[in-house]
There are 4 protein chains.
Amino acid sequence: MVNPIVVGIIGAGRIGRLHADNLRVMPLFKLKSIAEAVVGEELLDWAESRNLGSVFVSGEDILNDPEIEAVFICTPTDTHAYWIEQAARAHKNIFCEKPISLSSAQTSRALQCVEEEGVMLQVGFNRRMDPSFRRLKQLVESGELGSPHIVKITSRDPQPPGEAYVRSSGGMFMDMTIHDFDMARYLMGEEVTEVYTRGANLVDPMFGRCGDVDTAVITLTFASGAICVIDNSRKAVYGYDQRVEVFGSHGSATADNCRPTTVEVSTAASVTRDQPQHFFLERYNQAFSDEIAAFAQAIRLQEPVICSGLDGQQAERIAEAAKESHRSGLPVKLSFCAGEGISAMQAL
Amino acid sequence: MVNPIVVGIIGAGRIGRLHADNLRVMPLFKLKSIAEAVVGEELLDWAESRNLGSVFVSGEDILNDPEIEAVFICTPTDTHAYWIEQAARAHKNIFCEKPISLSSAQTSRALQCVEEEGVMLQVGFNRRMDPSFRRLKQLVESGELGSPHIVKITSRDPQPPGEAYVRSSGGMFMDMTIHDFDMARYLMGEEVTEVYTRGANLVDPMFGRCGDVDTAVITLTFASGAICVIDNSRKAVYGYDQRVEVFGSHGSATADNCRPTTVEVSTAASVTRDQPQHFFLERYNQAFSDEIAAFAQAIRLQEPVICSGLDGQQAERIAEAAKESHRSGLPVKLSFCAGEGISAMQAL
Amino acid sequence: MVNPIVVGIIGAGRIGRLHADNLRVMPLFKLKSIAEAVVGEELLDWAESRNLGSVFVSGEDILNDPEIEAVFICTPTDTHAYWIEQAARAHKNIFCEKPISLSSAQTSRALQCVEEEGVMLQVGFNRRMDPSFRRLKQLVESGELGSPHIVKITSRDPQPPGEAYVRSSGGMFMDMTIHDFDMARYLMGEEVTEVYTRGANLVDPMFGRCGDVDTAVITLTFASGAICVIDNSRKAVYGYDQRVEVFGSHGSATADNCRPTTVEVSTAASVTRDQPQHFFLERYNQAFSDEIAAFAQAIRLQEPVICSGLDGQQAERIAEAAKESHRSGLPVKLSFCAGEGISAMQAL
Amino acid sequence: MVNPIVVGIIGAGRIGRLHADNLRVMPLFKLKSIAEAVVGEELLDWAESRNLGSVFVSGEDILNDPEIEAVFICTPTDTHAYWIEQAARAHKNIFCEKPISLSSAQTSRALQCVEEEGVMLQVGFNRRMDPSFRRLKQLVESGELGSPHIVKITSRDPQPPGEAYVRSSGGMFMDMTIHDFDMARYLMGEEVTEVYTRGANLVDPMFGRCGDVDTAVITLTFASGAICVIDNSRKAVYGYDQRVEVFGSHGSATADNCRPTTVEVSTAASVTRDQPQHFFLERYNQAFSDEIAAFAQAIRLQEPVICSGLDGQQAERIAEAAKESHRSGLPVKLSFCAGEGISAMQAL
């Protein structure tokens with residue numbers, strides 16, 4: 001990979017800066033520009049501490065810059081679809097954070113545009129690149145576990161977001177569980193045909209006031225008859241709880257939480273070990289880096305991306321069905337062709 | 001406890017003999033008689049190897065023996081209710097294996113009879129006495145975990161039973177998941193209000209031919225809004241998989257599988273440890289012994305039993321609802337008063 | 001094994017009663033008599049709670065009883081050798097607690113007598129029967145680990161014994177480490193050629209006043225060049241710490257502590273699991289039972305015992321050398337023929 | 001830290017490049033020049049893949065460059081002392097890989113020169129920065145474990161080095177165990193007073209031909225009476241085995257191996273998890289980065305380095321004593337003042 005991919009980032013919030021930090025140190029990329037509505041002192045300090053120089057431009061500047069080959073869309077969710085369309089029209093390859101949008105019509109339109117322009121689009125379901133979950137995927141694909149029968153995903157945040165975030169999040173299923181929906185499809189390699197949601201408001205009445213839940217168990221049925229169950233909470237006091245298990249006809253595999261150290265302390269009072277890594281920045285640190293390395297490889301080798309627009313769209317459809325099931329109290333059927341949307345897992 | 005409780009066992013199959021072995025070595029009990037329809041050579045050999053002497057009589061002999069204070073009912077399920085009634089009428093205290101019956105009417109009649117005669121009835125949900133699950137119960141009751149929000153129960157058998165067994169078992173929910181239904185009520189200390197079942201026939205087509213499932217995920221909703229999810233398989237090739245997790249507002253607790261040794265072997269090929277203990281005889285060895293010790297204590301101290309007839313009945317009701325949900329594909333509501341049926345957990 | 005082995009126990013202290021409890025419930029044995037110098041009320045209560053009847057006789061009664069085929073010697077250490085000789089002369093098979101004596105001359109004389117009379121003698125190094133350590137032994141014998149290069153034994157007591165015990169114990173190496181010396185020989189299957197001790201008095205000055213240590217690291221060199229290192233403490237505040245590791249040319253195997261439950265509790269404050277099982281009665285509960293089953297098998301099948309008098313003697317020799325090394329501060333060489341004293345490990 | 005520290009690296013072998021990669025991405029540093037005797041194509045490719053530009057100069061150029069504030073010495077061991085002296089005379093701060101030299105006279109002279117010139121010298125005992133071992137250090141310093149009584153260090157390489165390496169390595173104690181000697185001093189915070197070595201040649205006769213060992217157990221006695229035991233092997237077939245345990249009067253703490261994923265796979269054949277991370281580049285990846293961040297902090301904040309020249313010298317003295325003990329078969333006493341050489345552990 002001789003010549004690096006010149007990149008612009010649209011949106012310099014937490015996730016935009018995270019990608020910037022990773023892009024900065026990878027020889028595969030050359031980070032040229034960052035667009036942010038208001039470039040305040042705090043942002044300038046951040047850029048200076050990274051020796052980024054005069055990196056700030058407008059979003060349009062990025063799209064109009066012929067040197068820039070790929071655009072990272074890290075803006076608020078409700079503008080993702082807009083920037084995807086703009087970037088596609090400008091013939092840039094696109095890395096977009098999840099979800100693509102909160103509206104299936106918008107998502108469809110954005111994907112249509114990507115297809116028309118023939119650019120690449122990778123959606124930021126970073127957990128696909130987590131070393132432990134990749135290993136699970138390899139175990140499924142290699143057949144070591146036989147036919148998958150049951151997939152179990154535990155996904156619990158260490159602390160709930162604020163009310164403003166909740167109100168604009170699209171709800172827990174679209175904001176948080178969407179990662180688990182993608183993980184379920186990714187591991188199973190087939191499509192979900194039915195969704196049943198049992199949600200509750202047990203953590204904080206605020207969620208109820210926002211019309212949202214904070215606790216849920218969601219059952220997904222797959223075309224093959226296999227079953228996935230996801231359990232979510234907005235508040236696991238002991239830290240970020242991210243575990244996955246695949247149970248199949250030939251065996252089972254579990255991926256446990258990661259912890260800062262391996263130290264176990266035994267005293268007269270107790271035997272203790274570390275809590276799980278605090279939150280997604282720590283737990284998926286490697287995955288955030290690996291997903292953009294995979295993006296670079298897809299661009300340079302003209303390979304399929306590890307997580308496509310269709311993958312993003314399918315996870316959104318499942319999230320919509322989960323919401324509907326929660327509303328009605330009944331299982332909701334989903335109809336799309338089995339397998340149509342599962343990106344290939346690249347051997348990296 | 002000066003004078004031991006004189007006991008008769010009705011039914012000398014696998015579970016009857018297991019109880020006999022435990023009764024034999026506990027000073028709290030004196031095993032006097034065993035009733036079995038046909039006493040063949042193999043059974044006589046077994047009795048001789050235990051120095052049990054001339055222990056075999058008829059069921060009626062046991063009930064008519066004034067020295068016998070307690071009866072263990074270890075016959076096939078379809079005769080449990082009959083023997084409960086007979087034993088109650090004979091004023092014996094009763095230990096009965098689960099389920100009480102496969103029919104709610106029969107179960108009700110048997111419990112009615114127990115109540116009329118004022119005898120004690122303990123149902124054999126032995127897992128309540130498993131050391132790890134008892135610790136979970138204590139953690140819930142002590143409030144250390146806060147309000148329980150999510151309970152997860154994994155219960156997978158190492159190998160499927162034969163077709164004859166399946167046909168007479170009452171189906172997986174009544175035969176196997178019933179233990180998990182009881183565990184859910186026991187840990188939560190409240191009643192289930194809704195059941196949703198997602199079952200599948202993935203292990204062996206035989207189950208399908210019998211009108212049964214071999215794989216299932218069952219979601220239970222509790223009166224408080226808390227959610228329990230159970231996953232079952234009739235065939236976990238790596239052994240008997242019995243794990244429970246309680247997640248609450250103040251913390252989470254997991255009970256893992258037990259293994260024959262703690263040895264871990266690291267070679268150039270792999271790092272391995274033991275598979276879980278093979279099946280219920282090994283895993284719940286201690287629990288089988290402790291449940292009858294608890295029964296003795298309940299009798300001698302006139303305390304409530306650790307698992308009552310009502311507990312047995314409620315688990316059967318949930319199993320019925322699970323079957324119905326599987327049939328209809330819809331969640332099924334359950335209506336009984338919250339908390340009416342949860343036996344107290346005795347500090348033993 | 002049709003006819004049980006009729007047994008008498010000499011000494012009804014803690015360990016004598018432990019064996020009595022195990023003998024009582026094993027059909028292989030018939031416990032007939034127990035000898036104890038003073039049979040007080042507490043002891044009578046114990047016997048009554050076990051339905052043992054009029055079991056108490058004198059030691060001479062046991063030796064003179066022609067029905068008694070085997071004798072368990074559970075008296076204080078300084079009388080072991082005496083009773084071994086008496087029992088051998090009375091043509092009883094002998095199970096004797098460790099160590100045989102605190103004097104190499106006494107031990108030799110006792111073993112000589114056993115040999116002359118042609119009776120069986122098993123020494124109570126119960127840890128050989130611990131399921132995890134047996135598994136290590138099997139891994140060594142099967143060759144799965146290749147040639148053993150390093151053996152590591154951690155053996156730490158939960159609390160120190162009292163001063164009276166320490167003064168009569170023969171010192172930590174003879175009282176406590178002797179188990180580890182036997183474990184080292186057992187696992188390696190060859191003899192120790194050199195001992196280096198580094199001891200310290202860090203737990204309680206009382207040990208120093210008694211001329212003893214409470215903390216030690218002992219290095220054993222084997223004939224093959226393999227090295228074993230043992231670390232001991234009289235006080236591990238978190239419980240009984242019993243771990244063993246065998247590292248060989250083809251791999252390594254570790255045996256970890258056993259814990260009462262598998263429960264792990266995660267809260268905002270910590271992630272905790274159980275401390276190790278409290279002490280030897282809990283940890284080696286199964287081993288105490290299995291060692292006497294092995295003794296029964298050796299008697300009935302005329303097989304070698306799992307731990308011979310020579311095994312007992314060799315462990316004592318190593319303990320003497322360890323003491324001498326501690327005294328001189330120098331390594332001490334041991335000269336006996338490689339392999340002469342290792343009992344075969346029976347496949348049970 | 002506004003202005004980055006301009007750095008030159010002397011030696012572009014494996015470890016020099018590793019530091020270069022870390023320096024390159026840390027805003028605290030500016031990597032300006034690298035000196036390597038022969039700059040071949042492979043090295044130029046490496047530099048190009050990092051966008052390092054024309055970075056290669058001579059060692060003298062680095063020392064004469066007034067902009068360069070700190071020098072990393074990554075040359076073969078036998079030139080470390082030379083370059084330390086040159087760099088000190090040139091008034092550069094120095095980061096030097098371990099050991100400082102293979103000769104105590106050389107090491108003393110180099111340290112003398114560093115002291116005379118008043119420059120900073122940090123020795124590359126990177127394991128001090130391993131997250132798990134730092135946690136152990138904090139547990140010792142906080143007093144949570146009470147007085148340390150026993151420290152156990154397991155350090156085994158996945159595969160032996162080649163004969164050429166062995167011949168120039170200074171022997172296993174100086175090349176490999178030296179890390180463990182430093183770890184023992186670091187954790188205990190006091191000096192070693194006696195060393196006893198039991199070494200063997202069990203892995204490959206080549207080591208014996210080179211006058212070296214490949215397997216060893218080394219016992220260190222500390223001034224306080226505490227004992228440390230290190231076990232080493234040049235070949236652990238299952239991977240890089242790096243574990244440490246500190247046992248004290250109030251508790252014990254263990255640091256286990258790190259593994260690439262948390263996945264555990266259970267099949268009919270076995271239950272497996274990952275082998276330890278392959279070797280030091282993987283296991284100490286974070287530590288290599290953190291040690292140079294600590295170096296930057298020490299320079300900019302004028303704080304003591306986390307591992308001083310004296311620390312390097314003391315580890316060499318212990319290695320010399322270990323060699324002598326192996327040669328003589330006897331324990332070797334060491335005389336230096338307790339605590340004189342332990343660098344403070346910085347809160348980073």
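Between them, chain A and chain B bury about 3000 Å², and carbon and sulfur atoms carry 65% of it. Buried area here is the accessible area (1.4 Å probe) that two parts lose on being put together, summed over both. In chain A, Arg198(A), Leu202(A) and Phe247(A) lose the most area to chain B, together 18% of what that side buries. This is a predicted model: local features need pLDDT of at least 70, side-chain atom pairs count only at pLDDT 80 or more, and totals for chains, interfaces and linings use all residues. Residues are numbered from 1 along each chain as its sequence is written, chains are lettered from A and ligands numbered from 1 in the order in which they are written, and side-chain values use heavy atoms, with hydrogens and water left out.

Stay with chains A and B. The contact (heavy atoms within 4.5 Å) takes 41 residues from chain A and 41 residues from chain B. The pair has 8 salt bridges, each a side-chain nitrogen of Lys or Arg within 4 Å of a carboxyl oxygen of Asp or Glu. One example joins the side chains of Arg243(A) and Glu245(B), at 2.7 Å from N to O. There are also 14 residue pairs in polar contact between chain A and chain B, both residues at pLDDT 80 or more. A polar contact is a pair of N or O atoms within 3.5 Å; within protein, one must be able to donate a hydrogen and the other to accept it, and residues adjacent in sequence count only if both atoms are side-chain atoms.

Which strands supply the A side? At least two residues each come from β7 (148-156), β8 (192-200), β9 (215-222), β10 (227-233), β11 (241-248) and β12 (251-255) of chain A. Strands (E, at least two residues) are DSSP runs, numbered from the N terminus. By class, the side of chain A that touches chain B has 16 nonpolar, 16 polar and 9 charged residues. Ala, Val, Leu, Ile, Met, Phe, Trp, Tyr, Cys and Pro count as nonpolar, Asp, Glu, Lys and Arg as charged, and the others, Gly among them, as polar.

Now turn to chain C.

Strand β14 (residues 271-273) of chain A runs antiparallel to β14(C), joined by 3 bridges. Two strands pair if DSSP finds at least two bridges between them. Thr272(A) has Thr272(C) as its bridge partner.

Chain C and chain A bury about 1100 Å², 52% of it from carbon and sulfur atoms. Val271(C), Arg273(C) and Gln275(C) supply 39% of the area that chain C buries against chain A, more than any other three residues. Across this interface there are 2 salt bridges. Glu264(C) and Arg273(A) form a salt bridge through their side chains, at 2.9 Å from N to O. 100% of the interface residues of chain C are also interface residues in chain A, so the copies meet through the same surface.

Finally, look inside chain A. An open sheet of 6 strands has the order β3-β2-β1-β4-β5-β6, with parallel pairing. β3 (56-57) and β6 (121-123) of chain A stand at the edges, each with a single partner strand, so one side of each lacks a neighbour in the sheet. Strand β5 (residues 93-96) of chain A is joined to β6(A) by 3 bridges. Phe95(A) stands opposite Gln122(A) in β6(A).

Key: Helix = DSSP H or I, 4+ residues; strand = E, 2+ residues; numbered from the N terminus.
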